[in-house]
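This briefing sets out selected structural features by topic. Please consult the sequence and the structure shown here alongside the points that follow.

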Amino acid sequence: MTDQRVSELFRGADPGDGPALPEGYAERLVAVGRRGVRRRRALGGSVVLVVLLAVGLLGLGPLPSRSPQPATAVTGVSLPDRLAPFSFRTGTIGDAPLDRAVMIFEYGSGETINVWQRLALGADGNSYRQLDGIPPGTPWLLTADGRAVVTTEASRATSAFTVLDLSTGLRHQFRLPAPVAVALLASSPDGRYVAYSATPYQGSSSVIGEVEQTARERGTLTLLDLTDGRTTTVTGVEAVSAAAFSPDGGSLAVQSGAETWIVDRAGQRLRRVATPGGFVLAPRVAWSPDGRLLAVQPKDSFSGTGASDPYEVRFVDAVADAPVPPPVSAEQLLGWRSPDRVLALTLDGISELPLRGGDPVVLTRPDRGNSCEYHMQPCLALEIRAATALLPTLTVRSGDDPDRGPWPAPVRQVVAVGSLLAAALAGVLVWRSRPRWSRAGQRGRMVLAKRRR
């Protein structure tokens, strides 16, 4: 439109009204105009490129520090009323530590595409972080105070425990006197001691869980002190497949073969606990906060041996032969809210179950949308572990607007590459628009040449 108006002005002008144009004037005028256009294009393209690169490299938040700083202390402990949807943009503990974790779980789907994350849910009930540096299949244990995760070897004997500090994102190792097969069993309420079963083991195994199962079948009860890394073998307590610390941390309930015993940390057997036939100690979380009850579950939940309900949880008295609450149905016992209320995984979500009658209260539910496998499948929450010492003061908050931390490095790299490709495409499109300006310049030269004649 502008070119047409300029041409009309030139055609309506009287060539004799003004002095003759200098030689080459039209060519120089067109060249100056085209240089101006190129400069504006270059400036505009540079601005677009800078913006795209900034978006690609920075993502949704600041770049993580190379030396993660200790997380800000959180007052109070909460669960969200629903778990946040799956997101590849969830940051890592190494980039953005948490103060404590109220829960750790595996989240994802493997229906058509195997997409999984091992997530730590912060004590604030709103912060999600991936546990980076822990390969799939690695045995792990969340300490009862929610401040650390202890890991061992999955397919061979363990020569050192690796402890991930959730408040700093840093790792340190506690070496063992000799490599052994290890099964992590339980954490003391103060998070200081970790009970595990250990037995000598040679070679390696490609079968998932075989090394850990060997330790449960033949291992000796052993304690790891997380303050200094010392290990103490509790002699005489063999074939320990499950354990739970007492509320004061001074003794343990252990499943030793087919028997359930109460032992102190020195290994002295205090008393044997009678359990129903086909039932064994509930791992990690069996002991009630008042020290009176022990939770037991079917030995084989798939066959339901010894129980009418394969998910039935029963209770036995750990002190005397006194009446106990009736059984409850739970897919997984997560811990105790009080002496008469437990936290468990049910079909509806994570629920609080009263032991003396009353309806279950659902505290949090998994996301119901198809957020996994690129929005093609719903997500599953598996291998849930709760920080048992934090449960008595637990509250529920809204699950809206979750904090995922800074984007993880792989996501940033993908976005940066995508941004570069978009910038390159924009440059190509700008360059290909040059013929239009060339034609405009040619028309301008023709008009000026006609005027000179």
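How many disulfides does the structure hold? The structure holds one. The model is a predicted one, and every value below is computed from it.

**Disulfide**

- The disulfide connects C372 with C379, and the S to S distance is 1.9 Å.
- The disulfide of C372 and C379 is right-handed because the torsion about its S-S bond is about 100°.
- C372 is buried, its relative accessible area being 0%.
- C379 also counts as buried, at 7% relative accessibility.

**An open sheet of four strands**

- Four strands make up an open sheet, arranged in the order β16-β17-β18-β19, with antiparallel pairing.
- At the edges of this sheet are β16 (279-281) and β19 (328-329), each of which pairs on one side only.
- Strands β17 (residues 293-298) and β18 (residues 312-317) run antiparallel and are joined by four bridges.
- V296 has R314 in β18 as its bridge partner.

**Aromatic pairs**

- The whole structure contains four aromatic pairs.
- One of these is the pair of F161 and Y196, which is edge-to-face, with 4.8 Å from centre to centre and 65° between the planes.
- Since F161 belongs to strand β7 (residues 158-165) and Y196 to strand β9 (residues 193-199), the pair ties together parts that are 35 residues apart in sequence.
- F161 is buried at a relative accessible area of 0%, and Y196 is buried at 2%.
- F315 and W336 form an aromatic pair that is likewise edge-to-face, with a centre to centre distance of 5.8 Å and an angle of 65° between the planes.
- Distant parts of the chain are linked by this pair: F315 is in strand β18 and W336 is in strand β20 (residues 332-338), 21 residues apart.
- F315 is buried, with a relative accessible area of 5%, and W336 counts as buried at 4% relative accessibility.

**Charges over rings**

- R269 places its charged end over the ring of W261, at 4.8 Å from the ring centre.
- R385 places its charged end over the ring of W140, at 5.7 Å from the ring centre.

**R100, a loop residue**

- R100 is located in the loop between β1 (77-80) and β2 (101-109).
- R100 is buried because its relative accessible area of 12% falls under the 20% cut-off.
- The side chains of R100 and D99 are joined by a polar contact of 3.2 Å.
- Leaving aside neighbours within four places in sequence, the residues in contact with R100 include V74, G76 and V77, as well as L121, G122 and A123.
- Also among the contacts of R100, on that basis, are D145, G146, R147 and L390.

- S246 is located in the loop between β12 (240-245) and β13 (251-256).
- S246 counts as buried, with 3% relative accessibility.
- The side chain of S246 makes a polar contact of 2.6 Å with the side chain of D248.
- The side chain of S246 also reaches the backbone nitrogen of G250, at 3.4 Å.
- With residues up to four places away in sequence not counted, S246 touches P189, S251 and W287.
- S246 and L294 are 48 residues apart along the chain, and their C-alpha atoms are separated by 9.7 Å.

**L141, a strand residue**

- L141 belongs to strand β5 (residues 140-142).
- L141 counts as buried, at 4% relative accessibility.
- Not counting residues up to four places away in sequence, L141 touches A148, V149, V150, L184, A186, S187, V194 and R284.
- Between the C-alpha atoms of L141 and A387, which are 246 residues apart along the chain, the separation is 10.0 Å.

How values were computed
Residues numbered from 1 in each chain as written. Predicted model: local features only at pLDDT ≥ 70, side-chain atom pairs only at ≥ 80, totals over all residues. Heavy atoms only, no water. Helix = DSSP H or I, 4+ residues; strand = E, 2+ residues; numbered from the N terminus. Buried < 20%, exposed > 50% of the residue type's maximum accessible area, 1.4 Å probe, protein only. Polar contact = N/O pair within 3.5 Å; in protein donor to acceptor, adjacent residues only side chain to side chain. Contact = heavy atoms within 4.5 Å. Pairing = 2+ DSSP bridges. Disulfide = S-S within 2.5 Å. Phe/Tyr/Trp six-rings, centres within 6.5 Å; stacked < 30°, edge-to-face > 60°. Lys NZ or Arg CZ within 6 Å of the ring centre and 35° of its normal.
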